[in-house]
Amino acid sequence: EFGGMSYLGLTAYAAAGSSHGNKVSAMFPIVTSATTHSILFHDGGALAIELVLKWLWLAVKLLQQGPLHPLRYAIPWMHWDINEALNSTPLCDQDEKLIGHRLDYFQDFIRAPDANHEFWDDKNVLCD
């Protein structure tokens with residue numbers, strides 16, 4: 001059984017869409033999507049940059065610090081770091097500004113705003 005909000009909902013869809021999806025007996029995704037592109041890019045191709053930077057911060061930077069610290073201590077730092085990155089240009093430098101180094105998958109991702117780009121072939125649809 002899988003489920004949850006946001007990222008946890010995405011993981012539920014990913015599990016259901018995997019080669020082991022037939023083993024999923026129930027799922028309850030909330031406030032999420034079975035596709036990733038529509039979450040990360042607005043209609044017309046504009047990047048949902050604040051959302052992307054929040055996920056990078058939570059999934060990469062916070063985990064680099066070792067065992068998860070309580071989020072109540074981390075959230076104020078997240079807002080500071082994200083505002084610093086949002087105020088920097090160009091877009092291709094924001095991963096380095098936020099995380100401290102280049103992230104190849106971020107670089108590839110920001111260069112593929114069109115859902116039909118080959119980058120999304122194996123990343124967009126988690127479950128259909």
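Helices here are DSSP runs of H or I with at least four residues and strands are runs of E with at least two, both numbered from the N terminus. What you're looking at is a predicted model, where local features need pLDDT of at least 70, side-chain atom pairs count only at pLDDT 80 or more, and totals for chains, interfaces and linings use all residues. Residues are numbered from 1 along each chain as its sequence is written, and side-chain values use heavy atoms, with hydrogens and water left out.

**The overall picture**

- The protein has six helices and two strands, and reading along the sequence gives the pattern β-α-β-α-α-α-α-α.
- Of its 128 residues, 31% are buried, where buried means under 20% relative accessible area, exposed means over 50%, and partly exposed is in between (1.4 Å probe, protein chains only).
- Take the contacts (heavy atoms within 4.5 Å) with a separation of 6 or more: 55% of them are between residues 24 or more positions apart.

**Aromatic rings**

- A pair of aromatic rings is described by the distance of the centres and the angle of the planes.
- Searching the whole structure turns up five aromatic pairs; rings of Phe, Tyr and Trp (its six-membered ring) pair if their centres lie within 6.5 Å, and planes under 30 degrees apart count as stacked, over 60 as edge-to-face and the rest as tilted.
- One of these pairs is Phe-41 with Phe-109: the ring centres are 5.2 Å apart and the planes sit at 55°, so the pair is tilted.
- That pair ties together distant parts of the chain, 68 residues apart: Phe-41 is in the loop between helix H2 (37–40) and helix H3 (49–64), and Phe-109 is in helix H6 (residues 104–110).
- Both Phe-41 and Phe-109 are buried.
- Phe-119 and Trp-120 make an edge-to-face pair, at 5.0 Å centre to centre with 85° between the planes.
- Phe-119 is buried at 13% relative accessible area, and Trp-120 is buried too, at 5%.
- Put together, Phe-41, Phe-106, Phe-109, Phe-119 and Trp-120 form one aromatic cluster.
- Lys-123 lies over the face of Phe-119, 4.4 Å from the ring centre; a charge sits over a ring if NZ of Lys or CZ of Arg is within 6 Å of the ring centre and within 35 degrees of the ring normal.

**The nonpolar core**

- A nonpolar core is a set of buried Ala, Val, Leu, Ile, Met, Phe, Trp, Tyr and Cys residues joined through side-chain atoms within 4.5 Å.
- The largest one has 21 residues, and those touching the most other members are Val-52, Leu-56, Leu-98, Phe-106, Phe-109 and Trp-120.
- H3, helix H4 (71–86), helix H5 (94–99) and H6 each supply at least two residues of this core, and H3 gives the most, with six.
- Leaving out residues up to four places away in sequence, Phe-109 touches Leu-40, Phe-41, Leu-47, Val-52, Phe-119 and Trp-120.

- Asp-81 is in helix H4, and it's buried, with a relative accessible area of 14%.
- The side chain of Asp-81 makes a polar contact with the side chain of Trp-57 at 2.8 Å; a polar contact is a pair of N or O atoms within 3.5 Å, where within protein one must be able to donate a hydrogen and the other to accept it, and residues adjacent in sequence count only if both atoms are side-chain atoms.
- Not counting residues up to four places away in sequence, Asp-81 touches Trp-57, Lys-61 and Leu-98.
- Glu-84 is also in helix H4, but it's partly exposed at 34% relative accessible area.
- Ser-88 is in the loop between H4 and H5 and counts as buried at 14% relative accessibility.
- Setting aside neighbours within four places in sequence, Ser-88 is in contact with Gln-94 and Lys-97.
- The peptide bond from Thr-89 to Pro-90 is cis, with omega near -5°.
- In general, most peptide bonds are trans.
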